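Notebook open. I want the overall fold, the surface and the charge pairs on record.

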Amino acid sequence: GEAYFVMPENASIILLGYDNGVWSKLKNGRTVEKNKIEVPDAEFSKNPIKFSKNIVKWDDNATKVFNTPYELVPMTKPVAGQEFEIKALKDGQPLEGMKIAKSEEDPGVLTNKDGLAKFKAEKGANKVYAEYKLDTPDNKEYGFQQLEYVLSFDAE
């Protein structure tokens with residue numbers, strides 16, 4: 001399907017989120033858009049969910065919680081070359097064990113029991129890549145949800 005959004009001129013934050021369906025990795029290494037009922041011998045079946053928060057301009061909204069299912073919230077305004085804390089939330093509660101990294105390949109750091117992790121801001125455009133795997137043992141269609149979150153902002 002198609003998706004689009006219209007942004008008001010004075011918006012300071014853009015939040016996006018979408019469910020990317022169910023994907024299964026077959027024994028031959030291919031990944032197909034089928035669930036584990038359709039391909040019962042798959043290596044795994046997952047439900048990727050993607051979210052992003054783009055801080056367009058820094059105001060009170062930047063450190064506000066918007067109560068999305070998952071969220072990354074900067075605790076303070078980032079300054080280039082310095083570490084600052086980011087809080088990971090799931091349904092408004094601190095999320096322990098979410099990977100916070102500079103890229104998808106970067107091993108990054110995991111959030112602590114309070115949902116906090118440090119991130120070093122760089123001058124100019126920054127992207128924080130976060131990942132979390134939520135096992136769903138009772139789900140008949142997939143074994144886990146793969147959450148991918150991107151937080152973007154500028155730092156001076």
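I take buried as under 20% relative accessible area, exposed as over 50%, and partly exposed as in between (1.4 Å probe, protein chains only). This is a predicted model, where local features need pLDDT of at least 70, side-chain atom pairs count only at pLDDT 80 or more, and totals for chains, interfaces and linings use all residues. Residues are numbered from 1 along each chain as its sequence is written, and side-chain values use heavy atoms, with hydrogens and water left out.

**Fold.** I looked up the secondary structure, with helices (H or I, at least four residues) and strands (E, at least two) as DSSP runs numbered from the N terminus. The protein has zero helices and twelve strands. Its C-alpha atoms fill a box of roughly 50 × 35 × 25 Å along the principal axes. Of the 156 residues, 35% are buried. I then checked contacts (heavy atoms within 4.5 Å). Among those between residues at least 6 apart in sequence, 53% join residues at least 24 apart.

**Gly124.** I found Gly124 in strand E11 (residues 124-135). Gly124 counts as partly exposed because its relative accessible area is 26%. Leaving out residues up to four places away in sequence, Gly124 touches Phe153, Asp154 and Ala155. From Gly124 to Ala80 I read 7.7 Å, C-alpha to C-alpha, across 44 residues of sequence.

**Salt bridges.** Side chains of opposite charge can pair when their charged atoms come close. My criterion is a side-chain nitrogen of Lys or Arg within 4 Å of a carboxyl oxygen of Asp or Glu. I list six salt bridges in the structure. One of them joins Lys50 and Glu148, with the closest N and O atoms 2.8 Å apart. That pair links distant parts of the chain: Lys50 sits in strand E4 (residues 44-55) and Glu148 in strand E12 (residues 144-155), 98 residues apart. Lys50 has a relative accessible area of 22%, so I log Lys50 as partly exposed.

I also logged Lys102 with Glu122, at 3.6 Å from N to O. Lys102 is in the loop between strand E8 (99-101) and strand E9 (109-110), while Glu122 is in the loop between strand E10 (116-120) and E11. How exposed is Lys102? Its relative accessibility is 35%, so Lys102 is partly exposed. Glu122 is partly exposed too, at 44%.

Asp114 and Lys113 form another bridge, with the closest N and O atoms 3.7 Å apart. Asp114 is partly exposed at 36%, whereas Lys113 is exposed at 62%.
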